[in-house]
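Here is a short briefing on the structure shown below. Keep the sequence and the 3D view open while reading.

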Amino acid sequence: MSSPARTTPAARLDVEAVRRQFPVLEVTVHGKPLVYLDSAASAQKPRAVIDAEREVYERYYSNIHRGVHSLSMLATDAYEKARTRVQRFLGAAESREIVLLRGTTEAMNLVAQSWGRRNVGAGDEVLITGLEHHSNIVPWQLLCEEKGASLRVAPILDSGEVDLEAFERLLSPRTRLASVSHVSNALGTVNPVERMTEMAHAAGAVVVIDGAQAAPHVPIDVQRIGCDFYAFSGHKVYGPSATGALYGRAALLEAMPPWQGGGDMISSVTFSKSTWNEIPFKFEAGTPNVAGGIALGAALEWLCGLGLHAVAAHEGEMLRLGTEMLSEIPGLRIVGTARKKASVLSFVLGDVHPHDIGTVLDHEGIAIRTGHHCAQPVMDRFGIPATARASLACFNDRRDLEALVRGLGKVREMFG
Amino acid sequence: MMDLRELYQEVILDHSKRPRNRREMPEANRRAEGYNPLCGDRATVFLHLDDGIVRDVSFEGSGCSISTASASMMTEALRGKSVAEVEALFQRFHELVTTGPEKAAGPELGKLAVFGGVREFPMRVKCASLAWHTMRAALEGGGRATTE
């Protein structure tokens, strides 16, 4: 990740202007203006994305890749433009390396079941890290169970960083695949994925990067990372839910068997045999989320229009400020203190259970995530059942952090 | 707007900060573990049944203030009751946190009535009922209860 140490005034994010683009920020919750600090769970949608999806349905919605009529051609064209937008967003060499899917979870399952079933056998190993969320654990568990392979886990340090020495030590000629989060959802840790990819490649493993949390915060370049697969979800980058993509190196995708069968993924079908369409369509059976995919393209267009470096700089500043403000609260402990962090503040507050924190804050109009963040092993690692997590996005500002601190004051009043 | 104090009544806060009967019970002849997968709350409920009467009841576990207070107050409510009375109280409590206490039938809830505010907070109903479901699983012979 390259986070600019300084930003020129021109590159600075105009947060007030950004806020005006989110209709939901006008909503009140329990009579208070919404303070949305849960973008790591799912991001709110800017007007540009809402409009893009509505425009599809109002003006040119149709099925894609199969009609000769004008609407179908318009929809196909827009959908394929979205694919190209994803390609540029990820820095992939070719658009055929982009499989449009329902999100990161589906992408991980695709790799596990298509590449994994063909290439992982008895006695082989799959390596992940201790900070993974469930969608980068369970698909590999299913694969390993089926194939008699083992799942190995590189531990994390108290800071929430992966123990890189242990990661390297766990790699061996038996390691067929290593799958690592670019950014941890529960702790915010930004992993050194370039270096980890290099290590895993040196051992001969194929490398999957789970970019669900990275995509909204960190400029991504799959060619520079050098990974073989990269997955992300549309709903976390201000796009529609149930959209997302898998990048896969063309040579790997071509060698992989289809995953799901159906329309659009075939080139010919007879009752005795079917042949497969070319990549990426081989992995896109059935009618996809047409309008959602097109709106995902609009979301990336919008986000890149803000300037990814300006967004990262703003979120970095909010993270610094938030860390400072929360650290002053007696009894509050931030969980996850990696040197390189995305704008996630996971914390515990004395003996107060995160659910109680969440309920009190909700009454102040403040939305945070409480619980295990679909990363139970991370919670176990720190010996806590759950944390409260405030996650910051491009539209969050100092007032949101001040509201959070005031809200936590009310929590302490009630439970102190 | 629902006042938060309706949910977090003083007696609930008191029991969550100083839970009663939170201890292991080696002599228990019924026990069960409960788990709320949504939030990770865990509770183990211990019962000592003698002649169909709850002679002693205790719990262990970690959870939010609602689930801890609910477990604590449940142990106070159940001691000395027959299995049939316990079952009736379970039904009554369940009604209280889901549909409300308006229905007059059933045993008196006594102090447990403070959980009436929970039903305004649908996400917290499972917190209030975890210990009760676990207790019921223990009565039925042990094992695991989840709120799912």
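What pLDDT does chain B average? Chain B averages 89, and 90% of its residues score at least 70. This is a predicted model. For the complex, the predictor gives an ipTM of 0.86 and a pTM of 0.92.

**Confidence**

- Chain A has a mean pLDDT of 94, and 98% of its residues reach 70 or more.
- Residues 1–10 of chain A stay under 50 in pLDDT. The model has 12 contacts beyond four places in sequence for that stretch.
- Among the elements of chain B, α3(B) has the highest mean pLDDT, 96. Strand β4 of chain B, residues 143–146, has the lowest, 66.

**Domains of chain A**

- Chain A is divided into domain 1 (9–33 + 307–415) and domain 2 (50–304).
- The C-alpha centres of domain 1 and domain 2 of chain A lie 28 Å apart.
- Their contact takes 21 residues from domain 1 of chain A and 23 residues from domain 2 of chain A.
- On the side of domain 1 of chain A that touches domain 2 of chain A, the elements giving two or more residues are α11 (308–327), β14 (344–349) and α13 (376–381) of chain A.
- α11(A) supplies the largest share of that side, four residues.
- By class, that side of domain 1 of chain A divides into 11 nonpolar, six polar and four charged residues.

**Nonpolar cores**

- The largest nonpolar core has 123 residues. Those with the most contacts inside this core are I294(A) and A299(A).
- Helix α10 of chain A, residues 290–306, gives the largest share of this core, 10 residues.
- Domain 1 and domain 2 of chain A both give residues to this core, so the core lies between them.
- Not counting residues up to four places away in sequence, I294(A) touches A52(A), V56(A), A78(A), Y79(A) and A82(A).

**Helix α4 of chain A**

- Helix α4 of chain A covers residues 104–119, which is 16 residues. At 1.5 Å a residue it should span 22 Å. Its end C-alpha atoms are 21 Å apart, which agrees.
- Is this helix enclosed or open? Of the 16 residues of α4(A), 12 are buried, so the helix is largely enclosed by the rest of the structure.
- Its buried residues include T104(A), E106(A), M108(A), N109(A), L110(A) and W115(A).

**Chain B**

- Chain B has five helices and four strands. From the N terminus on, they run α-α-β-β-β-α-α-α-β.
- Buried residues make up 43% of the 148 residues in chain B.
- Take the contacts in chain B between residues at least 6 apart in sequence: 58% of them join residues at least 24 apart.
- M73(B) sits in helix α3 of chain B, residues 65–78. M73(B) is buried, with 26 other C-beta atoms within 10 Å.
- Leaving aside neighbours within four places in sequence, M73(B) is in contact with H15(B), K111(B) and L112(B).
- M73(B) and E140(B) are 67 residues apart in sequence. C-alpha to C-alpha, they are 21 Å apart in space.

**Contact between the chains**

- The contact takes 15 residues from chain A and 12 residues from chain B.
- On the side of chain A that touches chain B, α12 (354–362) and α14 (398–415) of chain A are the elements that give two or more residues.
- α12(A) gives the most to that side, with four residues.
- By class, that side of chain A has six nonpolar, eight polar and one charged residues.

**Backbone geometry**

- Most residues other than glycine have a negative phi, and most peptide bonds are trans. The cases below depart from that pattern.
- A cis peptide bond joins I279(A) and P280(A), with omega about 0°. P280(A) is in the loop between β12 (274–276) and α10 of chain A.
- H65(A) is not a glycine, yet its phi is positive, about 65°. H65(A) is in the loop between α2 (47–60) and α3 (70–90) of chain A. With 17 other C-beta atoms within 10 Å, H65(A) is partly exposed.
- N21(B), a residue other than glycine, has a positive phi near 60°. N21(B) lies in the loop between α2 (10–17) and β1 (30–36) of chain B. N21(B) counts as partly exposed, with 19 C-beta neighbours inside 10 Å.

Note on methods:
Residues are numbered from 1 along each chain as its sequence is written. Chains are lettered from A and ligands numbered from 1 in the order in which they are written. This is a predicted model: local features need pLDDT of at least 70, side-chain atom pairs count only at pLDDT 80 or more; totals for chains, interfaces and linings use all residues. A residue is buried if 20 or more other C-beta atoms lie within 10 Å of its own, exposed if 12 or fewer, and partly exposed in between; C-beta atoms are placed from the backbone. Two residues are in contact if their C-beta atoms, placed from the backbone, lie within 7 Å. The expected span of a helix is 1.5 Å times one less than its number of residues. A nonpolar core is a set of buried Ala, Val, Leu, Ile, Met, Phe, Trp, Tyr and Cys residues joined through C-beta atoms within 7 Å. Domain bounds come from an automatic or database domain assignment. Ala, Val, Leu, Ile, Met, Phe, Trp, Tyr, Cys and Pro count as nonpolar, Asp, Glu, Lys and Arg as charged, and the others, Gly among them, as polar. pLDDT is the predictor's confidence in each residue, from 0 to 100.
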